[in-house]
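Open the model in your viewer and keep the selection panel at hand. The tour goes one selection at a time.

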Protein chains: 2
Amino acid sequence: MGKVLIIGAGGVGTVVAHKMASLPDVFSEIMLASRTKSKCDAIAERIGKDRIQTAQVDADNVPELVELINSFQPDIVVNVALPYQDLTIMDACLETKTAYLDTANYEPIDEAKFEYKWQWAYQERFKEAGITAILGCGFDPGVTSIFTAHAAKHHFDEIQYLDIVDCNGGDHGKAFATNFNPEINIREVTQKGKYWENGQWVETEPHEIHRPLNYPNIGARESYVIYHEELESLTKNFPSLKRARFWMTFGQEYLTHLRVIQNIGMAGIEPIMYEGKEIIPIQFLKAVLPDPGDLGENYTGETSIGCRIRGLKDGKEKTYYVYNNCKHQDAYNETGAQGVSYTTGVPATIGAMMYLQGLWKKPGVFNVEEFNPDPFMEQLNKLGLPWIEQHDVDIEL
Amino acid sequence: MGKVLIIGAGGVGTVVAHKMASLPDVFSEIMLASRTKSKCDAIAERIGKDRIQTAQVDADNVPELVELINSFQPDIVVNVALPYQDLTIMDACLETKTAYLDTANYEPIDEAKFEYKWQWAYQERFKEAGITAILGCGFDPGVTSIFTAHAAKHHFDEIQYLDIVDCNGGDHGKAFATNFNPEINIREVTQKGKYWENGQWVETEPHEIHRPLNYPNIGARESYVIYHEELESLTKNFPSLKRARFWMTFGQEYLTHLRVIQNIGMAGIEPIMYEGKEIIPIQFLKAVLPDPGDLGENYTGETSIGCRIRGLKDGKEKTYYVYNNCKHQDAYNETGAQGVSYTTGVPATIGAMMYLQGLWKKPGVFNVEEFNPDPFMEQLNKLGLPWIEQHDVDIEL
């Protein structure tokens with residue numbers, strides 16, 4: 001049906017490539033490109049080389065990207081590279097009039113600032129060019145936003161209180177490792193907390209608000225309010241929300257490690273001079289830490305991510321909980337990547353499918369909750385991320 | 001009286017330069033040299049330029065060292081550079097027939113191994129050349145060994161149990177910083193514990209043995225048995241010792257930081273490839289951490305280091321405790337460096353004085369306890385590190 005160019009060959013790129021390769025009716029031609037072509041070749045080797053082409057590309061370099069897109073002529077570019085590279089890839093899509101999809105919003109490399117403003121600024125240009133950009137189509141952001149759209153469409157007259165709850169109940173057996181790019185992970189987790197309440201943002205100290213929450217099949221885990229990017233678009237697209245928060249579980253040891261990493265200066269994003277060369281501490285730390293892509297083999301346990309919602313239905317208060325649980329070992333056995341990569345890569349695959357099937361196709365720049373959630377929800381059940389919904393249960397929040 | 005070449009312009013070099021400059025009758029000409037000449041110039045500027053010459057030298061490079069020594073013609077070289085550089089500096093002293101003094105034993109850069117064997121191997125060559133090498137003349141090793149020699153000479157017929165106790169009761173106000181070169185400090189503190197008992201070494205896990213000990217003017221502090229280099233020479237030079245241990249105080253936060261630094265791989269001494277360049281994690285960490293030389297200004301509290309000894313005198317059991325307390329602020333006010341640098345630099349100054357005065361001068365390689373402790377003990381009282389001794393008190397150990 002369509003040609004897709006995947007940019008980025010980390011854990012998420014691995015999952016996207018595997019999933020797309022297993023859907024030849026949708027993804028008739030697939031190219032996987034990254035700065036390091038050998039990583040693409042290794043993934044292609046595991047999948048079966050006839051299904052996937054590979055290429056080298058520097059995603060910071062617009063002319064290089066344009067050249068690759070012009071030569072392969074994809075229908076859509078799926079960006080699972082670094083968030084720093086969102087804008088250069090969007091520029092290349094604009095120039096070549098190619099659809100665009102990503103899983104995380106742009107952030108500048110020199111400040112940890114999670115905002116959609118840079119990407120939303122492309123709205124008019126994408127509209128004029130007649131091409132579609134789908135932003136934030138991983139799990140969170142992504143599925144959590146689609147869960148919310150699904151709830152608003154089918155189960156509520158008015159959604160009022162949204163709590164996105166993200167638990168990784170897995171154990172990778174290492175003293176310390178991050179589940180995705182450590183640079184991005186540490187930048188995200190060490191920032192101040194922020195949530196939406198009564199029409200404005202409330203800022204907290206990092207990890208200031210926390211409490212144990214119960215997760216299906218996992219049990220109680222201490223959960224912390226952190227800022228997460230889907231809150232920005234959801235509060236805009238669902239103005240009835242009186243409060244929207246994002247909770248993530250962290251173990252005490254994980255937090256201790258993060259605290260020390262900050263104290264010793266290794267979370268720093270400003271370059272320091274070392275032997276005549278500028279080095280950014282957190283990027284060097286990334287090179288020293290375990291590669292998240294290598295965690296899969298011995299990863300046990302599962303993730304549980306969902307939305308807990310309160311609101312009104314037929315004039316009465318109602319609660320609703322929709323979630324997916326994903327076992328790390330199942331993800332690893334299917335794709336060679338662990339659950340955190342899997343839960344991001346499968347939704348990106350489905351998003352690209354939605355576009356190629358003409359179900360999510362309109363000129364402009366959109367967050368996923370602005371599309372019809374129904375066909376996406378259906379594919380989640382088919383492609384490895386089945387969801388469960390519960391009505392009028394105790395959602396604890 | 002004599003000419004001295006100081007190599008190394010860190011906190012200890014700063015103290016040595018200040019102290020020597022204040023003793024013109026002993027140190028008539030002083031040269032301060034290091035890899036970065038501007039650091040030497042800054043120290044010389046503070047002291048008064050007429051008292052100190054400066055030079056650039058790469059202490060890893062024997063021909064460069066020989067050239068500098070031949071041109072300045074010092075009577076003694078005081079090595080307060082890095083322990084990795086002890087052997088190249090000893091080689092240069094041998095070639096130029098110049099006396100040598102250092103404050104820490106040689107360790108190879110690629111393995112954290114604290115042993116005198118490499119330096120003791122120079123014994124015959126120094127003897128034949130007719131020149132003196134004084135090893136380990138800081139506080140610990142250094143003063144602690146001289147305290148032991150003083151006790152053995154004046155207060156015991158037989159010393160049997162030696163516990164060196166090292167407490168830094170200071171507060172530098174930073175979340176994490178090391179008091180001397182972080183690379184050396186972390187290598188030392190994260191190694192396995194080891195102590196001498198009944199004629200053999202007993203190895204422990206890192207920080208396995210610990211208990212609170214009381215320090216004068218500070219109070220109780222949790223203290224940990226770690227291996228420290230003077231144990232090697234003291235057990236050899238005082239064969240009556242049935243047990244010899246070294247205790248150092250650490251705060252819980254300090255240990256947590258060390259544990260995490262190891263967990264995340266930043267204590268690693270093997271190079272990793274980063275952007276096409278080999279970088280040793282612990283050396284990069286050193287560049288990110290606060291410079292120990294900058295801790296002085298806001299450092300409060302004091303150090304307390306001493307020897308607690310049990311043994312026999314006139315056929316009866318006897319206990320003895322000799323120690324020095326040093327206030328960080330006093331050290332800073334006098335020299336611009338904090339107490340840990342001060343307690344290392346003053347003994348190095350006195351050691352060089354002992355040599356120039358002909359009191360510690362004999363051909364060969366010697367640890368400080370092999371010299372007469374009396375004139376050294378006298379100078380400690382005069383030059384800012386007064387000691388206190390207590391007989392037949394509860395030494396807790």
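Which residues of chain A does the UniProt annotation "domain: Saccharopine dehydrogenase-like C-terminal" cover? Select residues 138–384 of chain A: the annotation, from an unreviewed entry, covers this span. Bear in mind while looking that this is a predicted model. The span is 34% helix and 30% strand, and its end C-alpha atoms lie 14 Å apart.

**The two domains of chain A**

Next, colour chain A by its domain assignment, which gives domain 1 as 2–135 and domain 2 as 143–336 + 384–391. The centres of domain 1 and domain 2 of chain A, taken over C-alpha atoms, are separated by 24 Å. Where the two touch, domain 1 of chain A brings 20 residues into the contact and domain 2 of chain A brings 16 residues.

About 1600 Å² is buried between these two domains of chain A, with carbon and sulfur atoms giving 52% of that area. Now select F114(A), Y116(A) and W120(A). These residues supply 34% of the area that domain 1 of chain A buries against domain 2 of chain A, more than any other three residues.

Turn to the elements on the domain 1 side. Helices α1 (11–21) and α5 (117–120) of chain A each supply at least two residues there. The largest share, 4 residues, comes from α1(A). By class, that side of domain 1 of chain A has 11 nonpolar, 3 polar and 6 charged residues.

**Chain A against chain B**

Show both chains. Here 25 residues of chain A are in contact with 25 residues of chain B. The area buried between the chains is about 2300 Å², and carbon and sulfur atoms give 72% of it.

Then pick K277(A) and E275(B), which form a salt bridge with the closest N and O atoms 3.4 Å apart. Between chain A and chain B there are 4 salt bridges and 6 residue pairs in polar contact.

Last, highlight α10 (252–263), β13 (272–274), β14 (277–279) and α11 (281–288) of chain A, each of which supplies at least two residues of the side that touches chain B. Helix α10(A) gives the largest share, 7 residues. This side of chain A divides into 16 nonpolar, 5 polar and 4 charged residues.

Definitions and conventions:
Residues are numbered from 1 along each chain as its sequence is written. Chains are lettered from A and ligands numbered from 1 in the order in which they are written. This is a predicted model: local features need pLDDT of at least 70, side-chain atom pairs count only at pLDDT 80 or more; totals for chains, interfaces and linings use all residues. Side-chain values use heavy atoms; hydrogens and water are left out. Domain bounds come from an automatic or database domain assignment. Contact means heavy atoms within 4.5 Å. Buried area is the accessible area (1.4 Å probe) that two parts lose on being put together, summed over both. Ala, Val, Leu, Ile, Met, Phe, Trp, Tyr, Cys and Pro count as nonpolar, Asp, Glu, Lys and Arg as charged, and the others, Gly among them, as polar. UniProt positions are given in the numbering used here, feature names are shortened, and annotations may be inferred rather than shown by experiment. A salt bridge is a side-chain nitrogen of Lys or Arg within 4 Å of a carboxyl oxygen of Asp or Glu. A polar contact is a pair of N or O atoms within 3.5 Å; within protein, one must be able to donate a hydrogen and the other to accept it, and residues adjacent in sequence count only if both atoms are side-chain atoms.
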